[in-house]
Amino acid sequence: MVASGKGGTGKSFFSSNLAYYINVEYGGVVAVDADAEAPDLLLLLGGSCKCVGVERLGGSWRALIDYSRCTSCLECVSVCRFYALDVVDGKLVVNKLYCEGCRACSLVCRYNAIDFIEVESGVIRHDISCSNVYVVTTDLVIGGRNTGKLVYLAREQASKKASEKGYKYIVVDAAAGIGCPVISSIVNSDLLVIVVEPTKPSINGALRLKDIADHFSIDSYLVVNKTGFTSISPEDIARELGIELLGSIPYDRVVVDSIACMKPMLAYKPDHVVSKKLREVFTRVMEVL
Ligand code: SF4
Ligand code: SF4
């Protein structure tokens with residue numbers, strides 16, 4: 001499980017290369033993109049060469065007005081905290097993109113004029129990437145919710161697929177931050193790699209993430225990405241977080257080039273110093289596992 005506590009640290013860059021490395025060196029892996037609000041792991045692994053399945057999931061609810069009962073008293077409008085109820089041409093309408101399905105409106109409606117419909121919240125895709133990695137992607141539809149559940153289901157499907165194929169490893173690329181989808185990614189994982197960049201906001205995010213990992217008794221280890229970018233050393237970060245440093249990766253523009261070319265760094269420039277450093281870190285990850 002790879003997470004960061006803050007966006008932009010290079011977590012997905014790290015996850016995509018780790019998945020690529022395990023696939024080549026250990027005969028197979030399932031990579032899971034658990035960042036349902038902005039999935040990009042498949043792109044970092046070369047895009048889809050073959051889509052092998054798409055599952056659409058419900059779990060979101062939207063208010064639906066029964067106009068045969070609605071008296072246009074508008075009592076519901078004032079209780080909607082999400083500004084999802086509006087009056088257009090004298091008629092109450094629900095803005096489906098804003099409605100969170102919280103049901104507050106139906107509690108105040110004395111005419112029982114508000115019902116709810118279940119709508120699609122997201123999809124789980126299965127693809128073989130163009131770098132030959134099996135990728136399970138969570139993707140939220142616009143206005144969709146329940147990302148924690150989506151991640152949980154994606155991890156379940158990834159486990160099933162890994163056992164079917166006889167793969168021993170699953171790499172989960174978590175969402176940024178420490179919210180519900182991240183917690184859903186962390187729970188029951190064997191190892192958490194926290195990817196940190198040498199900046200204060202990233203260290204603070206990592207501290208919060210480590211608290212969550214400790215709460216669930218998940219062993220966490222540190223990887224520092226973009227070293228040389230600031231004067232903060234990887235050892236200082238490891239001391240502040242109180243976790244073991246597995247290694248560090250230098251800041252280099254070539255990483256941006258590899259991402260623009262949609263190729264894992266290990267495939268793009270295998271002999272570059274960044275690739276060498278990545279392999280060193282991955283060797284440590286596998287030793288710790
Ligand atoms: S509270 Fe009920 S009756 Fe009144 S406007 Fe809202 S939906 Fe219509
Ligand atoms: S369910 Fe909640 S968010 Fe949706 S319209 Fe009713 S009060 Fe607003």
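**Ground rules.** I note that this is a predicted model, in which local features need pLDDT of at least 70 and side-chain atom pairs count only at pLDDT 80 or more, while totals for chains, interfaces and linings use all residues. Residues are numbered from 1 along each chain as its sequence is written, chains are lettered from A and ligands numbered from 1 in the order in which they are written, and side-chain values use heavy atoms, with hydrogens and water left out.

**Whole chain.** I counted 10 helices and 13 strands in the protein chain, taking helices (H or I, at least four residues) and strands (E, at least two) as DSSP runs numbered from the N terminus. The C-alpha atoms fill a box of roughly 70 × 40 × 35 Å along the principal axes. Of the 289 residues, 48% count as buried, where buried means under 20% relative accessible area, exposed over 50%, and partly exposed in between (1.4 Å probe, protein chains only). Among contacts (heavy atoms within 4.5 Å) between residues at least 6 apart in sequence, 74% join residues at least 24 apart.

**Around Q157.** I placed Q157 in helix α4, residues 147–165. Leaving out residues up to four places away in sequence, Q157 touches E55, I124 and H126. From Q157 to V32 I read 9.6 Å, C-alpha to C-alpha, although the two are 125 residues apart in sequence.

**The disulfide.** Searching the whole structure, I found one disulfide, that is, a pair of cysteine sulfur atoms within 2.5 Å. It joins C49 to C130, with 2.5 Å from S to S, and with 110 degrees about the S-S bond the link is right-handed. C49 lies in strand β3 (residues 48–57) and C130 in the loop between β8 (122–129) and β9 (134–140), so the pair, 81 residues apart, links distant parts of the chain. C49 counts as exposed because its relative accessibility is 54%, whereas C130, at 42%, is partly exposed.

**The two ligands.** For each shell I took residues with a heavy atom within 4 Å of the ligand, and I sorted them with Ala, Val, Leu, Ile, Met, Phe, Trp, Tyr, Cys and Pro as nonpolar, Asp, Glu, Lys and Arg as charged, and the others, Gly among them, as polar. Ligand 1 has around it C70, T71, S72, C73, L74, C76, L92, C109, Y111 and I114, which makes eight nonpolar, two polar and no charged residues. The shell of ligand 2 includes C80, C99, E100, C102, R103 and C105, and by class it has nine nonpolar, one polar and two charged residues. I also checked one cysteine from each shell: C73 is partly exposed at 38%, and C99 is buried at 8%.

**Helix α7.** In α7 (residues 234–241) I found P234, I237, A238 and L241 buried. They lie on the same side of α7 because they cover an arc of only 100 degrees around the axis, the arc being that of the directions from the helix axis to the C-beta atoms. These buried residues pack against β11 (192–196), α6 (200–215), β12 (220–227) and β13 (245–250). Just after α7, G242 takes a positive phi of about 70 degrees.
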